[in-house]
Amino acid sequence: MKTDVLKNYIDGEWEESAAEETLEIRNPATDEIITHVPMSTVEEVDQAVKAAKAAFQEWRETTPYSRARFMFRLKVLMEKRFEELARTIVVEHGKIIDEARGEVRRGIENIEVAAGVPSMMMGYNMEDAAAGIDEDCVLQPIGVFCCVGPFNFPNMVPLWFLPYAVACGNTYIVKPSERCPMSQNLLFEIFDEVDFPPGVVNLVNGDKRVVNALLEHPDLAGLSFVGSTPVGKLLYKKSAENGKRAQIQAGAKNCLVVMPDTVLDKTVAAIMTSAFGTAGQRCLAGALIVAVGDIYEELKDRIVESASKLRVGNGLDEKTQMGPVISKSSRERIIGYIEKGVEEGATLLLDGRGIKVEGYPNGYFLGPTIFTDVTPDMVIAREEIFGPILGIIRVKDFDEAIEVINNSPYGNAASLFSTGGKWAREFKYQVRAGNIGINIGIAAPIASFPFSGMKNSFFGDLHGQGRDAIEFFTDRKVIISRWF
Amino acid sequence: MDLSTFGAILSYAVELETKAAEFYGGNAQGKLEEVFTDLAGGSDKRVRRLELIRQEGISEMILEPITGFNSGDHSLDKVSEAGEPLKQAFMIETVMGEFYSEGSKKIPIREVVRVFQRMAEDNNKRKVQLEKLLE
């Protein structure tokens, strides 16, 4: 693979960035340099926003049916290059090929939902709001939006937003993760083939300087972000200061509550994917098992047994069940948390630090790691680690489990494993988290639903995906009319 | 090899069908030409179906590890030991039918389970057809 510099896509053209600074992108399984990403300039951001603004009027005058047809073409072309997209994700991120395929699939599902814009953008009206006076409400696009993508779902996350924004008649700029920009750049090759009018979709590579330049630009209407809570809070504040709409999907520390009446085999299998899928680097990852009552001993033993058998390796190998973490520094940071857990007095049942993967001596591998005797006040229980570390908290009853979840400052996801409908109903009702799983380890909403989140896991009013996205990317105009 | 992921099962199925298609295509001669050409076409169609399922059937919510399903138990490596082409074909259909039948019990996605079950049934029908030719 060539180690060249990725380009930006602005106003319908691929352009070499004028950036003086570039970042190396390395394959997490091999530590080899695979490409470079430019740290684009403020001028390039301005160029992209200007192009998007210039394209807006003509695009918003394109009918919703025509805009929907662009979505159909986008879907067809993504399906054609599906495996290429998935493999690119594996090479830049490290996740296993099935996870990458799942990621591409979920991205396409958002395009499929956005293609329903002719129905989803319909307004409503009433005759005789007062005698002889009618009232209509229409949804209208607003202007130029952008998203700042995360490294962990580099291809999918911008598609939580862009298809809806563009289908509604807005124009768009993507700032992909500077750690995983390749699959997004490949996606823009597909956008180019779809042949949107120039300026409708744009890509500017770079880091936080690009994000700041976007937020400070007077012609940007809004921002969507997925990433950590500290950065999310900053961006939310900055968005408000600059008068921008914002939807900020932030960090998490998700609990999986396991009741004594659960089906243990299936629960353990679900926990494996939840805790160690994407090497734990996801906002829906199960980070803490909350074992209720008698289930604890057998659950603990079964989890350790299953996790110790997970095959860690290069994600391109279909046999691999868990890939590396994203970077050397991330690996060191996660190891720091393992050391912290030991220091805090948690019991280390499975230690992933010493893992060696044959054939990949330089990869950023960590094995599944499991602590028990974790208490909610510990750092490893409170802080988002974003790695393959699972903690087990033991509680006496259901109410104590709810307390553990609701005392967390995060509210992204929570799951209950039980065969009892009563527990499930109470769980759904009481838990303060946005994405709830009942016997589901990864409570990932499909595209027609909002990707929810509460407390420090989300800032804003409207989430990504589905009808929330349509509302975020449109304004309501009420027309009151009378004819003489 | 342990077929421990959804993708691994589908990819192995593609591998098996590709081998089957190559065998049928390469032995479609004489009195076997018509039936083997038909079977080769059927295997090619299955490859396309399986690749589509691998792409469209995946669900991120249920990527749980799969246990107790090994490619070594469903291999076409010893087919040539069966002797004449018709007998080899019978063995191919037996192996494939068992693979899809077992696989249908391992995959957590209902739509894919149904496809695998139908494919196992089709393999059994092919066996009956081949058995008649062997008589």
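1. Inter-chain salt bridge. In this predicted model, the side chains of B:Asp2 and A:Arg311 form a salt bridge, with an N to O distance of 3.2 Å. The count of salt bridges between chain A and chain B is one. Side chains of opposite charge can pair when their charged atoms come close.

2. The interface as a whole. The contact between the two chains involves 25 residues of chain A and 17 residues of chain B. About 1900 Å² is buried between chain A and chain B, with 55% of it on carbon and sulfur atoms.

3. Helix H3 of chain A. This helix comprises residues 82-93 and spans 16 Å from its first C-alpha to its last, close to the 16 Å expected at 1.5 Å a residue. How much of H3(A) is buried? Nine of its 12 residues are, so H3(A) is largely enclosed by the rest of the structure. The buried set includes A:Phe82, A:Leu85, A:Ile89 and A:Val90, and also A:Glu92 and A:His93. These buried residues of H3(A) pack against strands S3 (22-26) and S4 (33-38) and helices H2 (64-80), H4 (97-114) and H7 (182-194) of chain A, together with helix H2 (33-56) of chain B. After H3(A) comes A:Gly94, with a positive phi near 105°.

4. Helix H2 of chain A. H2(A), one of the elements against which the buried residues of H3(A) pack, has 17 residues and reaches 25 Å from its first C-alpha to its last, close to the 24 Å expected at 1.5 Å a residue. Among its buried residues are A:Phe70, A:Met71, A:Leu74 and A:Leu77, as well as A:Arg67 and A:Glu79.

5. A:Arg282 lies in the loop between helix H10 (264-276) and strand S13 (286-292) of chain A. Its relative accessible area is 5%, so A:Arg282 is buried. Leaving aside neighbours within four places in sequence, A:Arg282 is in contact with A:Arg106, A:Asn152, A:Phe153, A:Gly277, A:Phe386, A:Ile442 and, from chain B, B:Glu60. B:Asn123, in helix H4 (residues 110-134) of chain B, is buried with a relative accessible area of 0%. Not counting residues up to four places away in sequence, B:Asn123 touches B:Arg46, B:Glu93, B:Met96, B:Gly97 and B:Tyr100.

6. Most residues other than glycine have a negative phi. A:Phe386, a contact of A:Arg282, has a positive phi of about 65° although it is not a glycine. A:Phe386 is found in the loop between H13 and S16 of chain A and counts as buried at 18% relative accessibility. A:Asp373 likewise is not a glycine and has a positive phi, of about 55°. A:Asp373 is placed in the loop between S15 and helix H13 (379-382) of chain A. Is A:Asp373 buried or partly exposed? With a relative accessible area of 44%, A:Asp373 is partly exposed.

7. The seven-stranded sheet of chain A. The open sheet has the strand order S14-S15-S16-S13-S12-S18-S19, with mixed pairing. Strands S14 (347-350) and S19 (435-438) stand at the edges, each with a single partner strand, so one side of each is left without a neighbour in the sheet. On average, neighbouring strands of this sheet are turned by 20° against each other, direction ignored. S14(A) runs antiparallel to strand S15 (residues 369-372), to which three bridges join it; A:Thr347 has A:Thr372 as its bridge partner in S15(A). Helix H12 (residues 328-344) lies across S14, S15 and strand S16 (389-395), at about 25° to S15(A).

8. Salt bridges within chain A. The count over all chains comes to 35 salt bridges. One of them pairs A:Arg209 with A:Glu21, the closest N and O atoms being 3.1 Å apart. This pair links distant parts of the chain, 188 residues apart: A:Arg209 is in helix H8 (residues 208-216), and A:Glu21 is in the loop between strand S2 (13-15) and S3. A:Arg209 is partly exposed at 41% relative accessible area, and A:Glu21 is partly exposed at 38%.

9. Salt bridges along helices. A:Glu241 and A:Lys237 form a salt bridge, with 3.4 Å between the closest N and O atoms. Because they are four residues apart in helix H9 (residues 229-241) of chain A, about one helical turn separates them. Both A:Glu241 and A:Lys237 are exposed. In helix H12 of chain A, A:Glu343 and A:Lys340 lie three residues apart, about one turn of the helix, and their side chains meet in a salt bridge of 3.2 Å, N to O.

How values were computed
Residues are numbered from 1 along each chain as its sequence is written. Chains are lettered from A and ligands numbered from 1 in the order in which they are written. This is a predicted model: local features need pLDDT of at least 70, side-chain atom pairs count only at pLDDT 80 or more; totals for chains, interfaces and linings use all residues. Side-chain values use heavy atoms; hydrogens and water are left out. Helices (H or I, at least four residues) and strands (E, at least two) are DSSP runs, numbered from the N terminus. The expected span of a helix is 1.5 Å times one less than its number of residues. Buried means under 20% relative accessible area, exposed over 50%, partly exposed in between (1.4 Å probe, protein chains only). Contact means heavy atoms within 4.5 Å. Two strands pair if DSSP finds at least two bridges between them. Axes are lines fitted to C-alpha atoms, for helices over the stretch in contact, and angles run from 0 to 180 degrees between N-to-C directions. Buried area is the accessible area (1.4 Å probe) that two parts lose on being put together, summed over both. A salt bridge is a side-chain nitrogen of Lys or Arg within 4 Å of a carboxyl oxygen of Asp or Glu.
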